[in-house]
Amino acid sequence: MDRIQEMQFFIATANAGSFSAAARETGASLSSIWRHVNALEDRIGTPLLKRTNKEIVLTDSGKLFLDHAQEIVRSVAAMDEVLGGSPSEPHGKILLHTNVAFGQRFISPALPDFLEKYPQVTVNLWATDNSPDIVENGIDLAIRVGTLADTSALIARRLGAITFHVCATPDYLARHAEVSTPADLEQHRCLSYRLGSNPPIWHLEGPDGTHDVKVQNRLQSSIADPLRAAALRGMGIALLPARLVREDLVSGRLKAILPQYAASIRGSEAAVYLVWRKERHMPAKLRVMIDFIVDVFRDFENLQAT
């Protein structure tokens, strides 16, 4: 059997968690997936997968083999592209991971243009609000927000930064105490955008220095939309990404509070990065996808409000 094919089917099975899911992902038959993976284990002489009634998990040998197999398959694909492919015709699959908000607001609307321009490239857009390991999960490109973990095996390109507005409805502000200093926020019900695992503390920098305000959080969320909805219902003062509330501020549905202060979540960097594995030869499909994502975020003015 083709050893590269064996490794490809093994990688697909390990990442998908079952033979049937791997068959759907690769387009191969279930029997072909099963036969190639078994042949690989027989040839190596050790089990790589532990089969149970509910799932397939990697053995210790399987975890070690997966890392090497992924590198070998990537190297072979890159070599094929360099020797036989056309740089003007990128091709192959891309696994792109992002959080749900960026996937919905930025990537999804622009992705059809990319697919139309590069018909030989297929994209698997994986959107979750956790940060799965890029290497272990075979992710080609990932959009990350905040401080990056160990990047020794990765390359990171800064795309921009999220800026925030403190805001509320005019009705809420008319019914509650005036907010003229950062300390006044402690007397209000607040709606907090949560970037990390710790309770959000609002950090404000202004003409009189910096202030860390431990607000009374009536609602916290790592997704901004519920916070915006609650703010528009007059439920409190919100700290929200500027891009999300720009039209609300222009229309008067929301009113900016303490606009002379730059607001953020203390201890949570709001920079946005595009991250990928270090490769000796970068495939053309990744080069064009990187350029595409950089252009998307450039069009959105690095997430700054105008």
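Trainee: What should I know about the model and numbering first?
Mentor: The model is predicted, so local features need pLDDT of at least 70 and side-chain atom pairs pLDDT 80 or more, while totals for chains, interfaces and linings use all residues. Residues are numbered from 1 along each chain as its sequence is written, and side-chain values use heavy atoms, without hydrogens or water.

Trainee: At what angle do α1 and α2 pack?
Mentor: Helix α1 (residues 3-16) packs on helix α2 (residues 19-26) at about 120°, and their axes are 8 Å apart. That makes the two oblique. Helices are DSSP runs of H or I, at least four residues, and strands are runs of E, at least two, numbered from the N terminus. Axes are lines fitted to C-alpha atoms, for helices over the stretch in contact, and angles run from 0 to 180 degrees between N-to-C directions. Under 35 degrees counts as roughly parallel, over 145 as roughly antiparallel, 65 to 115 as roughly perpendicular, and the rest as oblique.

Trainee: Which residues of α1 and α2 meet?
Mentor: F9, A12, T13 and A16 in α1 meet F19, A21, A22 and T26 in α2, contact being heavy atoms within 4.5 Å.

Trainee: And how do α1 and α3 sit, parallel or perpendicular?
Mentor: Roughly perpendicular. The angle between α1 and helix α3 (residues 30-44) is about 110°, with axes 9 Å apart.

Trainee: New topic. What volume does the largest pocket have?
Mentor: About 1200 Å³, the space filled by probe spheres set on grid points joined across faces, edges and corners. A pocket is an open set of points on a 1 Å grid over the protein atoms alone, where a 1.4 Å probe fits, with protein on both sides within 12 Å along at least five of seven lines; lining residues have an atom within 4 Å of a point.

Trainee: Which element gives the largest share of that lining?
Mentor: α4, with seven residues.
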